[in-house]
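Below is a set of questions and answers on a predicted model.

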Amino acid sequence: VDGREFRVSAGGFWQVHPEAGHVLTHAVLEALGPKPGETALDLFCGAGLFTRFLAEAVGPEGRAMAVESGTDAVRDARYNLRDLEQVRIEQGDATAQLREWADVRADVVALDPPRSGAGKEAVRLIAGTRPRAVAYVSCDPATLARDLAEFERRKYRLTELRAFDAFPMTHHVECLAVLEPVKLAPRHREQD
């Protein structure tokens, strides 16, 4: 992707469409607009595709924190990102890791969960990091809709929804949902 090679173990996950890695990465980066010095979270990071580009965008003065549960995927991510000192990769359940990162203030969050989605608690914890933008990549519209409803309850609104035909000739679609915090208008005191 963009001149960078990624090692992916035989049992690991990678998008089947040859251009999906490139297209989704650019869509996520465009949606999040990571800046130098910021903190980026990548949940369900797999082999580190989004993590690499987020880390490059936040630069050495920023940090990219990633979590993945699969042993082979974590090994691949650590290999693929070994040249980026600002990257921290944790192996484990994303929700459990978010609990440990409770004091982390994230500027941007990318997540690409399995078909089962992120889940209510993960969404609550993501919102608790107070990111200015969230990029949620999903291969299942039903679990995406469930998680988007939870984001709405957490005062994050859907600002963009894109669909990608990453699985031609099938009913499957890859979606990117972009969320931002709801800006509340200041309350005005009534004049007497």
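Q: What is the handedness of the β-α-β crossover from strand 1 to strand 2?
A: Strand 1 pairs with strand 2 (residues 63–68) in the parallel sense, over 5 bridges. Thr-39 has its bridge partner in strand 2, namely Arg-63. Between the two strands the chain passes through helix 2 (residues 49–58), and the crossover is right-handed.

Q: Which residue in strand 4 stands opposite Ala-40?
A: Strand 1 also runs parallel to strand 4 (residues 108–111), with 4 bridges joining them. In strand 4, the residue opposite Ala-40 is Val-108.

Q: Is Thr-129 buried or exposed, and what is its relative accessible area?
A: Thr-129 lies in the loop between helix 5 (120–128) and strand 5 (133–138). Beyond its neighbours within four places in sequence, Thr-129 is in contact with Leu-41, Val-104, Arg-105, Ala-106 and Val-109. Buried means under 20% relative accessible area. Thr-129 is buried, at 2%.

Q: How far apart are the closest N and O atoms of Arg-52 and Glu-56?
A: Arg-52 and Glu-56 are 4 residues apart in helix 2, so about one helical turn separates them. Arg-52 is buried, with a relative accessible area of 6%, whereas Glu-56 is partly exposed at 31%. The two form a salt bridge, and the distance between their closest N and O atoms is 2.8 Å.

Q: Which residue meets Glu-90 in a salt bridge?
A: Glu-90 counts as partly exposed, with 22% relative accessibility. The N to O distance is 2.8 Å, and the partner is Arg-88.

Q: Which residues do salt bridges that share partners join into one network?
A: The structure holds 13 salt bridges. One of them pairs Arg-124 with Glu-121, the closest N and O atoms being 3.5 Å apart; these residues are 3 apart in helix 5, so about one helical turn lies between them. Arg-124 is partly exposed at 36%, and Glu-121 is partly exposed at 31%. The network formed through shared partners consists of Arg-4, Arg-52, Glu-56 and Asp-83.

Definitions and conventions. Residues are numbered from 1 along each chain as its sequence is written. This is a predicted model: local features need pLDDT of at least 70, side-chain atom pairs count only at pLDDT 80 or more; totals for chains, interfaces and linings use all residues. Side-chain values use heavy atoms; hydrogens and water are left out. Two strands pair if DSSP finds at least two bridges between them. A crossover is right-handed if, with the strands pointing away from the viewer, the path from the first strand over the helix to the second runs clockwise. Buried means under 20% relative accessible area, exposed over 50%, partly exposed in between (1.4 Å probe, protein chains only). Contact means heavy atoms within 4.5 Å. A salt bridge is a side-chain nitrogen of Lys or Arg within 4 Å of a carboxyl oxygen of Asp or Glu.
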